[in-house]
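Dear colleague,

Please find below the structure that I am handing over to you, with its sequence. My notes on what was found in it follow directly after.

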Amino acid sequence: MLDVNKDGVLSPDELFNGLCQRDWDQDEIQSLFERLDTNGDGRVSLAEYLDGMESVHESRKLRAWVRKIPISDNARELILRVLAEQEIYTLDVLRSCVEDLSSL
C-alpha cells in the first residue's frame, strides 16, 4: 500500500518509498509524481492517481512494443525519447513515428 498514513493522498515520500520497493528508479518516480499531481498541490489524490496510472500503464506497454520493432537501436531510442519528451502515448503517434523512420 502506497498511502502509508492513510490520509487519502500520496505525498512524494510515500510514492518514492512505495515504488522504490518495486524497483523503480528515482528519476522515474520524480517524473511520475510530477505527471500525477495535476493540480500542483504537492500531493496525489486518488482521482489523480487513477487517471495518471492509466496513462503510465499505456506508456509502458507502448515502450515495450517499441523495443520489439525491427529497427536500429538508434531509431528505437529516438522514438522512445520523443515519446518521453512530448508525453505522447497514443498508438497513432507511435505508428506515425515508425512509418517516418521506416522511410529513412
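This is a predicted model: local features need pLDDT of at least 70, side-chain atom pairs count only at pLDDT 80 or more; totals for chains, interfaces and linings use all residues.

Asp37 belongs to the loop that runs between α2 and β2 (44-45). Apart from its neighbours within four places in sequence, Asp37 is in contact with Gly42, Arg43, Val44 and Glu48.

Glu48 is located in helix α3 (residues 46-68). Glu48 is likewise buried and has no salt bridge, the nearest side chain of opposite charge being Arg43, 7.5 Å away. A polar atom of the Glu48 side chain does, however, lie 3.1 Å from the backbone nitrogen of Asn39. If residues up to four places away in sequence are not counted, Glu48 touches Leu36, Asp37, Thr38, Asn39 and Arg43.

The structure holds one salt bridge. Asp41 has a relative accessibility of 39% and therefore counts as partly exposed; Arg43, at 41%, also counts as partly exposed. In general, side chains of opposite charge can pair when their charged atoms come close.

As to the overall arrangement, the protein has five helices and two strands, which follow one another along the sequence in the pattern β-α-α-β-α-α-α. Of its 104 residues, 32% count as buried. Among contacts with a separation of 6 or more, 32% are between residues 24 or more positions apart.

In helix α1 (residues 12-20), the buried residues are Glu14, Leu15, Gly18 and Leu19. Viewed down the axis of α1, these fall within an arc of 110°, so they line one face of the helix. β1 (9-10) and α2 (26-36) are among the elements that cover them.

In α2, the buried residues include Ile29, Leu32, Phe33 and Leu36. They span an arc of only 100° around the axis, which places them on the same side of α2. An α-helix has 3.6 residues a turn, so residues three or four places apart point the same way. Exposed residues Asp27 and Glu34 are carried on the face of α2 turned away from its buried side. At the start of α2, a side-chain oxygen of Asp25 comes to within 3.2 Å of the backbone nitrogen of Asp27.

Finally, the nonpolar cores. The largest consists of ten residues: Leu2, Leu10, Leu15, Leu19, Trp24, Ile29, Leu32, Phe33, Leu36 and Val44. α1 and α2 each supply at least two residues of this core, and α2 gives the most, with four. A second, separate core has five residues, including Ile69, Ile79, Leu80 and Leu83.

Val44 is a member of the largest nonpolar core, and, leaving aside neighbours within four places in sequence, its contacts are Val9, Leu10, Phe33, Leu36, Asp37 and Tyr49.

With kind regards

How values were computed:
Residues are numbered from 1 along each chain as its sequence is written. Side-chain values use heavy atoms; hydrogens and water are left out. Buried means under 20% relative accessible area, exposed over 50%, partly exposed in between (1.4 Å probe, protein chains only). The arc is that of the directions from the helix axis to the C-beta atoms. Contact means heavy atoms within 4.5 Å. A nonpolar core is a set of buried Ala, Val, Leu, Ile, Met, Phe, Trp, Tyr and Cys residues joined through side-chain atoms within 4.5 Å. A salt bridge is a side-chain nitrogen of Lys or Arg within 4 Å of a carboxyl oxygen of Asp or Glu. A polar contact is a pair of N or O atoms within 3.5 Å; within protein, one must be able to donate a hydrogen and the other to accept it, and residues adjacent in sequence count only if both atoms are side-chain atoms. Lys and Arg count as positive and Asp and Glu as negative; His and the chain ends are not counted.
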